[in-house]
Amino acid sequence: MTDGVVLRCARPGDGVAVAGVFAAARAEMRYLPELHSRDEDVVFFSTRVLPSSRVTLADLAGEVVAFSAVKDGWLEHLYVVPAHQGRGIGGALLGRAMNENPAGLSLWAFVANHRAIAFYGRAGFAEVLRTDGSGNEERQPDVQMHWAGDR
């Protein structure tokens, strides 16, 4: 784990912090349209993601700097605040998700997110499908990846 970063399970009141990480990371993804307000993101994470997914936060000196969310064998979210990317935090979150899901994990990434695709590939995920994006809210081409788990 990177110095000073503590991984912990999210609590019901963490929706604002999770939405903040999401907004900061997505702001750097200039190829994505802005679809929702900050308030809508807080409601989404507070009422839909936190209650139904296993959400892990990366906390650095009391500040949430990254999170992951896993549900039913899918890594639905993994975001790191840009100022903290490249320090092993995303890898620690992914490693925990993989350890907690030894039967395997699947995920979607945007085709334009080359860094994410390479990151997941280095962790053992393989591409299984590419789409034109017509099935996602952002309408951006995406790639489905899968890690087969510990055999």
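Biologist: How many positive and how many negative side chains does the protein chain have, and how far apart do the centres of the two sets lie?

Modeller: This is a predicted model, so every value is computed from it. The protein chain has 15 positive and 18 negative side chains. The centres of the two sets lie 4 Å apart.

Biologist: How many salt bridges does a search of the whole structure find?

Modeller: Four. Side chains of opposite charge can pair when their charged atoms come close.

Biologist: Why is the pair R26 and E138 called a salt bridge?

Modeller: The cut-off is 4 Å between a side-chain nitrogen of Lys or Arg and a carboxyl oxygen of Asp or Glu. R26 and E138 meet at 2.7 Å, N to O. That is within 4 Å, so the name applies. The pair also links distant parts of the chain. R26 sits in helix α1, and E138 in the loop between β6 and β7, 112 residues apart.

Biologist: What makes R26 and E138 count as buried?

Modeller: Buried means under 20% relative accessible area. R26 has 15%, so R26 is buried. E138 has 13%, so E138 is buried.

Biologist: How do you know that R54 and E100 form a salt bridge?

Modeller: Their closest N and O atoms are 2.8 Å apart. The limit is 4 Å, so the pair qualifies. R54 lies in strand β2 and E100 in helix α3, 46 residues apart.

Biologist: What makes E127 and R130 a salt bridge?

Modeller: Their side chains meet at 2.7 Å, N to O. E127 has 42% relative accessibility and counts as partly exposed. R130 has 45% and is partly exposed as well.

Biologist: Why does the radius of gyration of the protein chain agree with a compact globule?

Modeller: A compact globule with 151 residues would have a radius of gyration near 15 Å. The protein chain has 15 Å, so the two agree. The C-alpha atoms fill a box of roughly 40 × 35 × 30 Å. Of the 151 residues, 44% count as buried.

Biologist: Which helices and strands make up the chain, and in what pattern?

Modeller: The secondary structure comes to four helices and seven strands. Along the sequence the pattern is β-α-α-β-β-β-α-β-α-β-β.

Note on methods: Residues numbered from 1 in each chain as written. Predicted model: local features only at pLDDT ≥ 70, side-chain atom pairs only at ≥ 80, totals over all residues. Heavy atoms only, no water. Helix = DSSP H or I, 4+ residues; strand = E, 2+ residues; numbered from the N terminus. Buried < 20%, exposed > 50% of the residue type's maximum accessible area, 1.4 Å probe, protein only. Rg over C-alpha atoms; globule rule 2.2 N^0.38 Å. Lys, Arg positive; Asp, Glu negative; His and termini not counted. Charge placed at Lys NZ, Arg CZ, Asp CG, Glu CD.
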